Amino acid sequence: MNAPSSWSEQGACRTIAPDTLFVQGQEQNRVKSVCLGCKVCTECLAYALDNREEFGIWGGMTERERRALLRRRPSVTSWRRLLETARNTHEQIDDDSDHRQTA
């Protein structure tokens, strides 16, 4: 992944050969597992969606999955903003839930 961004240097995929991310068929599921728990998965996916990356696994999604998402949400102008807002909301809900459980 040669995305011109500092987040790409923190990706779980940074230590694997870039060609590994551009496979087809069942191999895609194995490669997607690299993205599980990656701390920059959201940034990676947003980059791919905003830049209409046509090939490879980005942010845990295949090109087919990204195309389907883009078709379902054609009015989104910034996937980065949308995904970061969703992540922050999710983290806030998790934090609130944790506080209620310990209270």
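Mentor: Start with Arg-80 and Glu-84. Both lie in helix H4, four residues apart, about one turn of the helix. Helices are DSSP runs of H or I with at least four residues, numbered from the N terminus.

Trainee: What do the side chains of Arg-80 and Glu-84 meet in?
Mentor: A salt bridge, at 3.3 Å from N to O. The term means a side-chain nitrogen of Lys or Arg within 4 Å of a carboxyl oxygen of Asp or Glu.

Trainee: Is Arg-80 buried or exposed?
Mentor: Arg-80 counts as exposed because its relative accessibility is 52%. Buried means under 20% relative accessible area, exposed over 50%, and partly exposed in between, with a 1.4 Å probe and protein chains only.

Trainee: Where do these numbers come from?
Mentor: This is a predicted model, where local features need pLDDT of at least 70, side-chain atom pairs count only at pLDDT 80 or more, and totals for chains, interfaces and linings use all residues. Residues are numbered from 1 along each chain as its sequence is written, and side-chain values use heavy atoms, leaving out hydrogens and water.

Trainee: How many salt bridges does a search of the whole structure find?
Mentor: Four. One of them joins the side chains of Lys-32 and Glu-65, at 2.8 Å from N to O. That pair links distant parts of the chain: Lys-32 is in helix H1, Glu-65 in helix H3, 33 residues apart.

Trainee: Which accessibility class does Lys-32 fall in?
Mentor: Buried, because its relative accessibility is 18%. Glu-65 has 30%, so Glu-65 counts as partly exposed.

Trainee: And what does Arg-87 meet in a salt bridge?
Mentor: Glu-43, at 3.1 Å from N to O. Arg-87 sits in helix H4 (residues 79-102) and Glu-43 in helix H2, 44 residues apart.

Trainee: New topic. How many aromatic pairs does the structure hold?
Mentor: Two. Rings of Phe, Tyr and Trp (its six-membered ring) pair if their centres lie within 6.5 Å; planes under 30 degrees apart count as stacked, over 60 as edge-to-face and the rest as tilted. Trp-7 and Tyr-47 have ring centres 5.7 Å apart and planes at 55°, so that pair is tilted. Trp-7 lies in the segment before helix H1 (27-35), Tyr-47 in helix H2 (residues 41-50), 40 residues apart.

Trainee: Which residues form one aromatic cluster?
Mentor: Trp-7, Tyr-47 and Trp-58. Trp-7 counts as buried because its relative accessibility is 11%.

Technical notes. Helix = DSSP H or I, 4+ residues; strand = E, 2+ residues; numbered from the N terminus.
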